[in-house]
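Subject: Handover of a structure

Dear colleague,

Please find below the structure that I am passing on to you. My notes on what was found in it follow directly after it.

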Amino acid sequence: MAESQIPLPAPSHDDAPHWEGLRRHEFLIKKCNGCGVLQHPPRPMCAACLSLDRGWQKASGRGTVYSYTIIPQATHPAWRDQVPYNVVIVELEEDIRVVSNLVEIANEEIAVGLPVEIVYDDVAEDVTLPRFRVVRG
């Protein structure tokens with residue numbers, strides 16, 4: 001695997017289990033052990049009850065396109081050769097929204113409501129990014 005030239009995440013104490021899960025090809029969502037609310041992106045405190053007692057839950061990786069945009073110019077030099085590219089918000093079955101990209105589809109074919117599933121993109125030796133593809137059939 002070639003080393004990535006794109007800017008990579010720098011996991012923190014609060015989100016390291018999320019990134020470790022992605023490396024194992026598991027999508028983990030932070031869950032409040034007090035009230036059960038799921039939260040993404042991961043934060044140290046529950047947004048609903050302010051509890052610091054948090055855990056992790058494996059997500060299905062399935063959902064629908066909630067919203068999207070097509071980026072016409074590179075926002076970073078690493079993406080210069082990829083424009084135009086898409087950025088999507090996927091609403092997972094767990095009622096959590098995730099910002100990502102759709103792969104294996106032309107930008108003109110993207111639409112709100114498309115059913116999607118996660119694809120794990122191993123972009124570096126120690127970094128996997130969650131991307132999505134349309135569920136066909």
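T64 has P115, in strand 8, as its bridge partner. Please keep in mind that this is a predicted model. Strand 4, residues 62-71, pairs with strand 8 in the antiparallel sense, over 3 bridges. Both belong to an open sheet of 6 strands, which has mixed pairing and the order 6-5-4-8-9-7. Strand 6 (97-100) and strand 7 (102-103) are at the edges of the sheet; each has a single partner strand, so one side of each is left without a neighbour there.

The largest nonpolar core comprises 25 residues. Those with the most contacts inside this core are F27, I29, L92, L102, V116 and F132. At least two core residues come from each of helix 1 (16-23), strand 5 (85-92), strand 8 (115-124) and strand 9 (127-134). As for F27, residues that it touches beyond four places away in sequence include L22, L92, V98, I118 and Y120.

The next topic is charged residues. The whole structure contains 7 salt bridges. One of the pairs is E91 and R97, whose closest N and O atoms are 3.2 Å apart.

R133 forms a salt bridge with E117, with the closest N and O atoms 2.9 Å apart. Because E117 lies in strand 8 and R133 in strand 9, this pair ties together parts that are 16 residues apart in sequence. R133 also forms a salt bridge with E104, where the corresponding distance is 3.8 Å. That pair links distant parts of the chain, 29 residues apart, with E104 in the loop between strand 7 and strand 8. E104 is exposed, at a relative accessible area of 60%, while R133 is partly exposed, at 28%.

The side chain of R54 does reach the backbone oxygen of R43, at 3.1 Å. Residues touched by R54, leaving out those up to four places away in sequence, include K30, C32, N33, V37, P44 and C46.

Yours sincerely

Notes:
Residues are numbered from 1 along each chain as its sequence is written. This is a predicted model: local features need pLDDT of at least 70, side-chain atom pairs count only at pLDDT 80 or more; totals for chains, interfaces and linings use all residues. Side-chain values use heavy atoms; hydrogens and water are left out. A nonpolar core is a set of buried Ala, Val, Leu, Ile, Met, Phe, Trp, Tyr and Cys residues joined through side-chain atoms within 4.5 Å. Buried means under 20% relative accessible area, exposed over 50%, partly exposed in between (1.4 Å probe, protein chains only). Helices (H or I, at least four residues) and strands (E, at least two) are DSSP runs, numbered from the N terminus. Contact means heavy atoms within 4.5 Å. A polar contact is a pair of N or O atoms within 3.5 Å; within protein, one must be able to donate a hydrogen and the other to accept it, and residues adjacent in sequence count only if both atoms are side-chain atoms. Two strands pair if DSSP finds at least two bridges between them. A salt bridge is a side-chain nitrogen of Lys or Arg within 4 Å of a carboxyl oxygen of Asp or Glu.
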